[in-house]
Amino acid sequence: MKFKAILALLALSAFPAHAEEATLRIGWQQIVEPARVPQAEGTYDTETGAKVEWLQFGGGADVIAAIASGSIDIGYVGSSPLTAGVSRGLPIETIYVVGNIAQSEALAVKGITDPRDLVGKKIATPFVSTAHYSLLSALKHWGIDAKQVQLLNLRPQDIAAAWERGDLDGAYVWDPVLQQIKATGGTVLADSADVAEWGAPTFDAWIVRKDYAEKHPEIVTAFVKVTGAATDAYLADPAAFTPDSPQVKAIADLTGAKPEDVPQLLQGYKFAGLKDQTSPAFLGGETVKAITDTAGFLVEQGSIPAALPDYSAAVAPRFATAAQ
């Protein structure tokens, strides 16, 4: 027995112990987009080689707070909370632009046909979100002082409940809650595609804590690769995403959207594939400009105290380059 014990010890010492499995904590939102498919299928776990933990949040401001507290490593945010976080010194990098927001976020109202009729009305939106930014931009475009409107800070699910109770005159929010509002009498006064034409485009993106990216670049690269592959699969054949397809079922199960609504909701975004990420239109240039422009507006609105002189450090195309 003693000889066998010695052999066992020798065998153990001959090989290095396995490194402790890395953990990847991802903050996500119930937004209808292609990455929900690999999320549901567990592809992020297998491809990153990490122990993946998914934490759901109601809005970008909550994701930014979680990043700041160190409770998540990668998070899904809109361009407005991203800009606010970077402007306040949060050490984060943009690693994947999901796409430009178009019809998937909008101001839906009831009993209002003229923007001037918004004065004095109760309009809800999640503060420090792309929807909030777009709402303020739209009010400015229409020549309405935001103080003339009763703006309420509510998370998407709270907006849905308040709308159902009849407590709101309108809301600037994203799908699938936007779709619920439109299905129950809400009409769109303006969407984010309109606001983009008025000079205030918005986008959604995945961000990472810089310290995590430095420690686990291979995990971040794998994350970007999986996200890009999912987006590319959708862009290559949107018609395959039918209400009875497994892709749509996965998206519906995670987001709470109705399967029959998912194909249309996906069309509300202008998605960016993996090869697009490093192009001048996204991480290769325009993303920095969009963040810079957003910062200027947020300063003007008093949402942040000051803008940074340069936002290029908040954009990291190197992971998309490696993933390609």
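This is a predicted model: local features need pLDDT of at least 70, side-chain atom pairs count only at pLDDT 80 or more; totals for chains, interfaces and linings use all residues.
Local features need pLDDT of at least 70 and side-chain atom pairs count only at pLDDT 80 or more, while totals for chains, interfaces and linings use all residues. Residues are numbered from 1 along each chain as its sequence is written, and side-chain values use heavy atoms, with hydrogens and water left out.

Reader: Over what arc around the axis do the buried residues of H4 lie?
Author: Helix H4 spans residues 60-69, and its buried residues are Gly60, Val63, Ile64, Ala66 and Ile67. Buried means under 20% relative accessible area, exposed over 50%, partly exposed in between (1.4 Å probe, protein chains only). Helices (H or I, at least four residues) and strands (E, at least two) are DSSP runs, numbered from the N terminus.

Reader: Which residues are exposed on the face of H4 turned away from its buried side?
Author: The buried side packs against strand S3 (74-78), helix H5 (79-87), strand S4 (92-101) and strand S10 (203-209). Contact here means heavy atoms within 4.5 Å. The face turned away carries Ala68 and Ser69.

Reader: What area is buried between domain 1 and domain 2?
Author: Domain 1 is 23-100 + 202-323 and domain 2 is 105-198, with bounds from an automatic or database domain assignment. In contact are 24 residues of domain 1 and 17 residues of domain 2. Buried area is the accessible area (1.4 Å probe) that two parts lose on being put together, summed over both. Carbon and sulfur atoms give 59% of the total, which is about 1700 Å².

Reader: Which element gives the largest share of the side of domain 1 that touches domain 2?
Author: The rule finds 2 salt bridges across the interface of domain 1 and domain 2, each a side-chain nitrogen of Lys or Arg within 4 Å of a carboxyl oxygen of Asp or Glu. H4, H5, S10 and helix H15 (286-301) each give two or more residues to the side of domain 1 that touches domain 2. The largest share, 5 residues, comes from H15.

Reader: Is Lys270 buried or exposed?
Author: Lys270 lies in strand S11 (residues 269-271). Leaving aside neighbours within four places in sequence, Lys270 is in contact with Gly99 and Asn100. Its relative accessible area is 55%, so Lys270 is exposed.
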